[in-house]
Amino acid sequence: MSCRKIILALLWLVVSLSNLILLSPVLFLESGEIWADPSTLRPTGDRGKTNWSDYPSAGDDYEKIDDTTPDGDGTYLFTTSTGSDYRQGWGHTDFTETDNIDSVKLTVRAKSLATSGTSEIIIGRLKDLGEGFWDFCENDAGTDTFDLTSSYTDYSIIWANDPYDGSGWDRAKLNNTSRAWGFESKSVGTYWDTVLQDNFNDNSLDTDKWIERSKGGSSAAEEQNQRIELNLDHTAHTGAGIYTRNTYTKTQTYALGVDFQTNIDYDVNPTGYGFDGIWILRGDTSGTNFWDQYYGAPTTGLYFRIGNSCGYNNDGIGIYYDDDLGWEASCPWDTTIAENTTDVIDTSSDSWYSIRIFFNGASGLCSLKVNGTTVTGTLGSNWLSDLGSTIRFQLHTSFYNTSTKWDRYDNLALSENKDADNRVTQSFIDVFYSEVVAKRQGGIVQDQNNQGIAGGGIAR
C-alpha cells in the first residue's frame, strides 16, 4: 500500500472516531440534531414555602437561592428543627424560548452541618402547586433523594420528558402554574454540644461558670477534695448550692449528667429535712422572694428531687414544679410531674449515684434517671411558660435541723441538643433544547441551502 493510501486511511479513521465522539453524548437526539446551549431559569413566580429561615436576614427567600454564582455561607436558606420536613417550591410563567426542548435539569446546591444522624434533600418536579402542593414524598413522580454531605454539593435530576404524562417538554409545561419545581429538607441530623463542663478538680469554684448561693450561718458550696461539696451549718433553715452563671435558651433540649452523694435521707432522719436535688430556674433570679427564707432554696422552678424533699416521708426520686414565689409551711408542690417513692438512695454505704436529667424546653418533656431508676413526665404548658425564655441550672441541698448534712457532686456535664442546619445556597433549572443543523436527502448530507457536497455545499 502506498504512503498516500495509508495517510488517507488514517485520516478517514481519525474523522470517523471524531464523529463518534461528537455524537456519543447525544445519541438519543434525532439524526441531524445536536445540543444547543441551555437556558437557565431562576426561581420566580408563585411558590409555596414553610418553615425556612433566611441568612443573613429575613426577606425574599429567592434572594438566597437564585444567585448566578453561589456565595457559600454568604446567603442561604436553612432548616433548624429535628425530624421536620421543610419544603420550598416555585413555578415559572416567563419561559419564552423555543419549544424544541430536549430535556430539563433541576439543580440544588446544599449541605448539612450535622455531625450525627442523616440529613437528606429531596428535589423534583412537584405536582399541584395550588392544591395539596406539599403532599409529595420520595415516591412521587419526578423526585429523587440525596444524602447531604458537610460540603456544598450540587444535587440534580434530569428529565427527558415531563414525569407526569411522559410526553416531551414545551413552553406550556415549563410555565404550568399547577406544577412546581422544588426541594425538601428531611431528617435533619442533630448533635449534642457540651455547653458546660466541670470536674471540680482544681479545688476552687470557677466563678466564670457558677454563682454560689447559701443561707444559714456558715453554710457554703465549697470546691474541695476534687469535687463540689454543699456543706450546711448546724443551725436551722440552712441551704447551700451553686447555679449557672450563664443562662440558656429554654426551648432547646438539655441533658445534664453528674455524680451525686449524700449523707442523709429520710430513712436516717425522718423529720426536719429539706431538699436534695437539681433545679431548673428562671433565667432572671432577681425577683422578690425568689429565694425562700426557709432552707435557702428556690421557691419557683422545675425541681428534680433526689432523696429528701421538703418534709415528705419519701426517698425515691421525683420531678415537680412550683411557682409560688413564697414559702408555704407544708411545702406543697403546685404540680407533681412524675415520681417514684420507693427507696432509691442508700446513705449507709457512702454510694455515689449517676444522675441524668433530660429537659425538652419546647415540649416540656423531662426525665430523671438515678442509676437504674427513671421517672418521666411532661411539664404543663402553664408551668413551661412560667419558666420564661431563659433558664439556669442549680445544684442544691438544704436542711431544717441541727445535725450535719451535706451533698456532694462531681464530674458534671451539661449538653445542649443542637439543631444541625441543612442549608441551600442556590437552585436553578437548565432547559436544554436541540437544533436541526443538517438534513439527509438520498443519503447525501445537505447544508442549510439544500446544496449537496457535489454542488459546492458545505456539510454541517
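Before anything else, the cut-off I need: a residue is buried when its relative accessible area is under 20%. F260 has a relative accessible area of 0%, so I put it down as buried. I'm working from a predicted model here, not an experimental one.

Ring pairs next. I get a count of 15 aromatic pairs. One of them is F260 with Y409, a tilted pair with 5.2 Å centre to centre and 50 degrees between the planes. This one links distant parts of the chain: F260 belongs to strand β18 (residues 253–262) and Y409 to strand β27 (residues 406–419), 149 residues apart.

Then I looked up W279 and Y303. Their ring centres are 4.7 Å apart and the planes are at 25 degrees; planes under 30 degrees apart count as stacked, so that is what I call this pair. It also joins distant parts of the chain, with W279 in strand β19 (residues 273–282) and Y303 in strand β20 (residues 300–309), 24 residues apart. W279 and Y303 are both buried.

Which residues do ring pairs link into a cluster? I noted Y55, Y76 and F78.

Last, the charges over rings. R125 lies over the face of W181, 4.0 Å from the ring centre. For R408, the charged end sits over the ring of W406, at 3.6 Å from its centre.

Key
Residues numbered from 1 in each chain as written. Predicted model: local features only at pLDDT ≥ 70, side-chain atom pairs only at ≥ 80, totals over all residues. Heavy atoms only, no water. Phe/Tyr/Trp six-rings, centres within 6.5 Å; stacked < 30°, edge-to-face > 60°. Helix = DSSP H or I, 4+ residues; strand = E, 2+ residues; numbered from the N terminus. Buried < 20%, exposed > 50% of the residue type's maximum accessible area, 1.4 Å probe, protein only. Lys NZ or Arg CZ within 6 Å of the ring centre and 35° of its normal.
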